[in-house]
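This report describes the fold of a single protein chain, from its overall dimensions to the arrangement of its sheet. The account follows below the display.

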Amino acid sequence: MNISALVLDFDGLILDTESPIFEEWRETFRARGQDLAMDDWQHALGTFGGYDPCLHLAQLTGEPFDHETLRQEVRARNMVRCEAQPLLPGVADRVAEGRAAGLKTAVASSSSSLWVEGWLERHGIRGLFDTVCSRDHVERVKPAPDLFLLAATRLGVAPERCVVFEDSPNGIRAARAAGMRCVAIPNPVTCTLPMDGADLVLRSLADRSLSEILAALDR
């Protein structure tokens, strides 16, 4: 394959930060006698501003509460959960294989730079990536293609020579809109969602070597 770059999503792909935040909000809803369904939460996956849990909870309960205070409480509990999360299997190995083969590497995330860069540094893998693109750098986040196109521009690689690794439908749509091939690796939260549009779907990045993944895409 004529591939020159690997572009990875962050949340749910490099680190499973998706499960902790969903669990925290679901428990918050349950504490108020309500249910947070995946059909509603999925709009928050792989993007930013797609779903407002505070607004939804207020509509369900009909009760006033301080939205910002609740967000801060959930955020604090989520941080504790995320700090206990390891890197997802195979991530560091696949990226290292890419770099050893001379491929450029990037992270493209709808989260903030502070969030993404902080976790990459914490887990000692920031040096594996040539650039990190976040919502701070674009006008539109996923499912718009802007983040992936920015990554390609920064890497100096044409979009059609990039392979994206994603875990959510919004991310897959963004990769396709950018004209890039896409490998989907669903996480525990997104595994029930359709991965339509992905060129290849894997259970884990630990399942195959990078050369095997690229060979499968070539077929």
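The accessible surface of the chain in this predicted model comes to about 9900 Å², and carbon and sulfur atoms contribute 48% of that area. Of the 219 residues, 51% count as buried. Along the principal axes, the C-alpha atoms fill a box of roughly 55 × 35 × 35 Å. The radius of gyration is 17 Å, which agrees with the value near 17 Å for a compact globule of 219 residues. Among contacts with a separation of 6 or more, 64% are made by residues 24 or more positions apart.

The chain holds nine helices and six strands. The six strands form an open sheet with parallel pairing, in the order E3-E2-E1-E4-E5-E6. At its edges lie strand E3 (131-133) and strand E6 (200-201), each of which pairs on one side only. Strand E5 (residues 181-184) runs parallel to E6 and is joined to E6 by two bridges. In this pair, Ala184 stands opposite Val201 of E6.

| Helix | Strands touched | Angle |
|---|---|---|
| H5 (residues 91-100) | E1 (5-8) and E2 (104-108) | about 155° with E1 |
| H8 (residues 169-177) | E4 (162-166) and E5 | about 165° with E5 |

How values were computed
Residues numbered from 1 in each chain as written. Predicted model: local features only at pLDDT ≥ 70, side-chain atom pairs only at ≥ 80, totals over all residues. Heavy atoms only, no water. Pairing = 2+ DSSP bridges. Helix = DSSP H or I, 4+ residues; strand = E, 2+ residues; numbered from the N terminus. Contact = heavy atoms within 4.5 Å. Axes fitted to C-alpha atoms, helices over the stretch in contact; angles between N-to-C directions. Rg over C-alpha atoms; globule rule 2.2 N^0.38 Å. Buried < 20%, exposed > 50% of the residue type's maximum accessible area, 1.4 Å probe, protein only. Areas by Shrake-Rupley, 256 points an atom, 1.4 Å probe, with all protein chains shown as cover.
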